[in-house]
Amino acid sequence: MVLYKLQDFEPNYRDTFEGHDINGLGVYTQGTDEKVGTVSDVLVDEEGHFRYLVVDLGFWIFGKKVLLPIGRARIDYNVDRVYTIGLTREQAEDLPEFNERQTLDYDYEERVRGVYRQPADYVQPVDPLLTVDPLLPLEATPLIDTTYQQPVTPTYNRDSYNYEQEPSLFGLNEQDNQTLRLYEERLIASKRRQKTGEVTIGKHVETDTARVAVPIERERVVIERVTPADAGTAVSGREADFREGEVARIEIHEETPEIRKEAFLREEVRVRKVVDQDTVETQETVRREELDINSGNLPVEER
C-alpha cells in the first residue's frame, strides 16, 4: 500500500478543515495529560484516508519520529491538541524510527503495528476450547492458547492486508469525532495532446531545357584571281616552267561545341517545429453543498 504526505496528496487540505492545520499540534497522553511530542506530518493512503500521524517525540525521546495510527489518536481542535489512546513510553521506545528517506513498505508498517497490538485489543475467549474473536475478520482472528488462556498474536497476509482489518488502529473514534462533510465541485483544468495533422516534406526532379551560346570558328578557302601588273610581258623559256599535275593543299579546320553537365548545390531546406501558446477559456456549472441548521429555540454556536 502506498502512503503519501498530506501536503503532497492535497496541497489545499486546510480548506477541508476550515483553515485548521493538524501539523504542529501538540500530542498528549489521554488521561495523564502528559505531553508526548508534536505532529510533524500526516500520512494518507491512495484514497485520501488518514492512516498515520508522524509524531516528533521531542518531549519523550529527543530526535526520534514515530508513526501513530489514526485510530489511536483523538484530535481536539478546541484546545489544538492530539490525545493518544493507550500509547506508553515503553511502546514509543520500541517503535521503529520514522525516516522520510526510508521506503514505507509492508514490513516496516508491520513493525509499527506490532508495537501497538496488545492482547487487550481483542475479545477474551468464552469457550474453554478454541475461540475466535467475532469482531475481527477471520484471517486476522487471534487463536487462543487454552493452556495459558493467552491470546496469540494474529498473523496477516501481505497480499490481502487492508487497514479495515484493524479498526482499533485505523478506525476513527466516532464518539470523539463526529463530522458532517460538505462537498463542492471544482473545475479541474487539464490538457490532452492530440494529433491534428501531418506535414510531409520531400523532393522530386523536374526537367527543363537549358540553352547556352558557344562561339565557334570555321575555316574556309577563298580563291582570288588577280591580273599581275606585268601581265602580257614575254618571258624566257627558262622562266616558263610548265608542270602538269601541280597541286596546292590547304588544311581547313572548324570548332564544334562540347556540352557537359555538372551538379551544383542550389539551397538547403531546414524543417523544424515551433509551439504557439494560447489560452482557451471554458465554463461549466458546479455544485456546492451548504449547511442547513434547524435548532428550534436551542442555542447553537457556529465557529
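Reader: Is D107 buried, partly exposed or exposed?
Author: D107 is partly exposed, with a relative accessible area of 40%. Buried means under 20% relative accessible area, exposed over 50%, and partly exposed in between, using a 1.4 Å probe and protein chains only. This is a predicted model, in which local features need pLDDT of at least 70 and side-chain atom pairs count only at pLDDT 80 or more, while totals for chains, interfaces and linings use all residues. Residues are numbered from 1 along each chain as its sequence is written, and side-chain values use heavy atoms, with hydrogens and water left out.

Reader: What does the side chain of D107 meet in a salt bridge?
Author: The partner of D107 is R158, at 2.6 Å from N to O. A salt bridge here is a side-chain nitrogen of Lys or Arg within 4 Å of a carboxyl oxygen of Asp or Glu.

Reader: Which parts does that pair tie together?
Author: R158 lies in the loop between β9 (150-151) and α5, and D107 in helix α4 (residues 106-116), so the pair ties together parts that are 51 residues apart in sequence. Helices (H or I, at least four residues) and strands (E, at least two) are DSSP runs, numbered from the N terminus. R158 is partly exposed, at 48% relative accessible area.

Reader: How many salt bridges in total?
Author: The count comes to 18 by this rule.

Reader: Which side chain does E166 pair with?
Author: E166 forms a salt bridge with R117, 2.7 Å from N to O. E166 lies in the loop between β9 and α5 and R117 in the loop between α4 and β8 (144-145), so this pair ties together parts that are 49 residues apart in sequence.

Reader: Are those two buried or exposed?
Author: E166 counts as buried because its relative accessibility is 3%. R117 counts as buried too, at 11%.

Reader: Which residues are in the network with R117 and E166?
Author: E109, E110 and R113 are linked with R117 and E166 in a network of salt bridges.

Reader: And R287, what does its side chain meet?
Author: R287 meets E185 in a salt bridge, 2.7 Å from N to O. The pair links distant parts of the chain, 102 residues apart, with both R287 and E185 in the segment after α5. R287 counts as exposed at 60% relative accessibility, whereas E185 is partly exposed at 35%.

Reader: Switching to the surface. Which residues form the negative patch?
Author: E217, E219, E251 and E255 form the negative patch. Patches are made of residues with over 30% relative accessible area and no salt bridge, with like charges joined within 9 Å and nonpolar side chains (Val, Leu, Ile, Met, Phe, Trp, Tyr) within 5 Å. Asp and Glu count as negative, Lys and Arg as positive, and His and the chain ends are not counted. The place of a charge is taken as NZ of Lys, CZ of Arg, CG of Asp or CD of Glu.

Reader: Where is E217 found?
Author: E217 is in the segment after α5 (167-170), and it counts as exposed at 57% relative accessibility.

Reader: What about the nonpolar patch, which residues form it?
Author: V199, I201, V269 and V271 form it, with about 440 Å² of accessible area together. Accessible areas come from the Shrake-Rupley method with a 1.4 Å probe, and for residues only the protein chains shown count as cover. V271 is in the segment after α5 and counts as exposed, at 57% relative accessibility.
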